Amino acid sequence: LQCSSGNRVGVLLLLWLARKHGKSAESAKQLAMDADLKFWNRCDKCEPMREWVLQQMPAFDAAPVLKPPTTDGLIFSQLFDPVSSTYTYLLGCAETQECVLIDPVLEQK
């Protein structure tokens, strides 16, 4: 996946995690805040993206999230490259030790 701002990748990650764990819209909000996803916490023009994500989630009320959700072997890291001012995401499986690098900075090797 390629995204220069990291916002669209954050949307996809949030949808995948929330659906995988059967989360509601309220839980997805909490997950986005806990994971400090850029499109949720640090983007002034991303309100339409946030609204769209919440429309994709079940509307039922969820119990308050009191602790960060478990990742069940998920490896997730948001990496920032100061030279290009972009984010790269590492998403992997602890069990199989396979991973994918999302939106890599092509200039860095």
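1. Leucine 79 has threonine 88 of S2 as its bridge partner. S1 and S2 (residues 86-93) are joined by 8 bridges and run antiparallel. Two strands count as paired if DSSP finds at least two bridges between them. Strands (E, at least two residues) and helices (H or I, at least four) are DSSP runs, numbered from the N terminus.

2. The model is predicted: local features need pLDDT of at least 70 and side-chain atom pairs count only at pLDDT 80 or more, while totals for chains, interfaces and linings use all residues. Residues are numbered from 1 along each chain as its sequence is written, and side-chain values use heavy atoms, with hydrogens and water left out.

3. The chain contains 4 helices and 3 strands, and its elements run α-α-α-α-β-β-β from the N terminus on. Of its 109 residues, 34% count as buried; buried means under 20% relative accessible area, exposed over 50%, and partly exposed in between (1.4 Å probe, protein chains only). Among the contacts in the chain with a separation of 6 or more, 52% come from residues 24 or more positions apart. A contact here means heavy atoms within 4.5 Å.

4. The 3 strands make an open sheet with antiparallel pairing, in the order S1-S2-S3. Strand S1 (74-81) and strand S3 (99-102) are the edge strands, each pairing on one side only. From one strand to the next, the twist averages 15 degrees. Helix H1 (residues 7-20) packs on this sheet and touches S1, S2 and S3; the direction of H1 makes about 165 degrees with that of S1. Axes are lines fitted to C-alpha atoms, for helices over the stretch in contact, and angles run from 0 to 180 degrees between N-to-C directions.

5. S2 and S3 also run antiparallel, joined by 4 bridges. Leucine 90 has leucine 101 in S3 as its bridge partner. The two strands form a hairpin with 5 residues between them. Glutamine 97, in the loop between S2 and S3, has a positive phi of about 60 degrees although it is not a glycine. With a relative accessibility of 69%, glutamine 97 counts as exposed.

6. Aspartate 36 is a residue other than glycine and lies in the loop between H2 and H3. Its relative accessibility is 36%, so aspartate 36 counts as partly exposed.

7. The C-alpha atoms of serine 24 and proline 58 are 5.0 Å apart in space, although the two residues are 34 apart in sequence.

8. The buried residues of H2 include Ala25, Ser27, Ala28, Leu31 and Ala32. Viewed down the axis of H2, its buried residues fall within an arc of 155 degrees, so they line one face of the helix. The arc is that of the directions from the helix axis to the C-beta atoms. The buried residues of H2 pack against H1, helix H3 (38-41) and helix H4 (47-56).

9. The model has 1 disulfide, defined as a pair of cysteine sulfur atoms within 2.5 Å. It joins cysteine 43 to cysteine 46, with an S to S distance of 2.0 Å. The torsion about the S-S bond of cysteine 43 and cysteine 46 is about 70 degrees, so the disulfide is right-handed. Both cysteine 43 and cysteine 46 are buried. Cysteine 93 is partly exposed, at 28% relative accessibility, and cysteine 99 is exposed, with a relative accessible area of 57%.

10. Arginine 50, in helix H4, has a relative accessible area of 11% and so counts as buried. A polar atom of the arginine 50 side chain lies 3.2 Å from the backbone oxygen of cysteine 43. For such polar contacts, a pair of N or O atoms must be within 3.5 Å; within protein, one must be able to donate a hydrogen and the other to accept it, and residues adjacent in sequence count only if both atoms are side-chain atoms. Leaving aside residues up to four places away in sequence, arginine 50 touches Phe39, Trp40 and Cys43.
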